[in-house]
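Good morning, and thank you for coming.

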Amino acid sequence: KAVLVHLNTPGGTVEDADAIYRLLLNYKQKYNVPIYGYVDGLLASGGMYVASACDKVFASDSSLIGSVGVIVPTFFNVSKLLTNFGLETTTLYAGKGKDAGDPTRPWIKDEFANLDHIIQFYYNQFVDIVSNARPRISKEELINTYGALIFPAPKAVEIGMIDQANSTRAEALKELLAKISIEDDYYQVVNLKDDSWFNKLFNSQNPLFEGRIEHQLKVCESLDPCLEGKFLYLWKAN
């Protein structure tokens, strides 16, 4: 009859956020049901993208909302370090610009022009989706005023990023029930959950049973390896 999406996320990859958003939209259109969102913690970046599929968004007062922007992980250049130690490297490639961002050689002018173009494309798409879903926010305000800032839930309500703060999940659910004209005692909520920890522990890919150990070298603070080298709708606190 309806969907209540529980949201608590800093975002993630562009493709994942877009996929979840479009799956929710398709479900809503196919079955003609309302979708409400409830934020309990953080609704940032890709979370804002996903929440744009919701007809209304509620949040607890302690939740943080916003961060409409695109980022790629930091690029490091170690060419001077290699030179100082007398080390040389060779990268074999074919195709103009295929080695763009190679950290072992000095970067040239417009090295990242293609990446900049893609980032701007994803950003414009993000802004369009959020401003269309949240009509109280114009594209100009989103770009020039709010940017990728993040706001406490009451302020997010004030500027139109969400619909109601100081809410509980039960209150959001009650509003959703009223929307579909179901009385309090005549409904059942079905929770869709991830696999249990027990199933994950004994999963055939678990490193404990594969005999596989991975070693990683992280230069300063870095992202989870699965997010490295990807375009991200991801909020990261400084």
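Which residues of H4 are buried? They are Ile 119, Tyr 123, Phe 126, Val 127, Ile 129, Val 130 and Ser 131. Here buried means under 20% relative accessible area, exposed means over 50%, and partly exposed lies in between, with a 1.4 Å probe and protein chains only.

Two remarks on the source are needed. This is a predicted model, in which local features need pLDDT of at least 70 and side-chain atom pairs count only at pLDDT 80 or more, while totals for chains, interfaces and linings use all residues. Residues are numbered from 1 along each chain as its sequence is written, and side-chain values use heavy atoms, with hydrogens and water left out.

H4 covers residues 113–133 and has 21 residues; helices are DSSP runs of H or I with at least four residues, strands are runs of E with at least two, and both are numbered from the N terminus. From first C-alpha to last, H4 reaches 30 Å, close to the 30 Å expected at 1.5 Å a residue, where the expected span is 1.5 Å times one less than the number of residues. Its buried residues pack against helix H1 (14–31), helix H2 (46–51), helix H5 (139–146) and strand E7 (232–234); contact means heavy atoms within 4.5 Å.

How do H4 and H5 pack, and at what angle? The angle is about 120 degrees, and the axes are 9 Å apart. Axes are lines fitted to C-alpha atoms over the stretch in contact, and angles run from 0 to 180 degrees between N-to-C directions. On the H4 side the contact is made by Tyr 123, Val 127, Asp 128, Val 130 and Ser 131, and on the H5 side by Lys 139, Leu 142 and Ile 143.

I turn now to the loops. Ser 63 sits between strand E4 (56–59) and strand E5 (64–66), and counts as buried because its relative accessibility is 0%. A polar atom of its side chain lies 3.2 Å from the backbone oxygen of Val 39.

Asn 77, in the loop between E5 and helix H3 (79–84), is partly exposed at 30%. Its C-alpha is separated by 4.2 Å from that of Pro 103, 26 residues apart along the chain. The side chain of Asn 77 reaches the backbone oxygen of Arg 105 at 3.0 Å.

Note on methods: A polar contact is a pair of N or O atoms within 3.5 Å; within protein, one must be able to donate a hydrogen and the other to accept it, and residues adjacent in sequence count only if both atoms are side-chain atoms.
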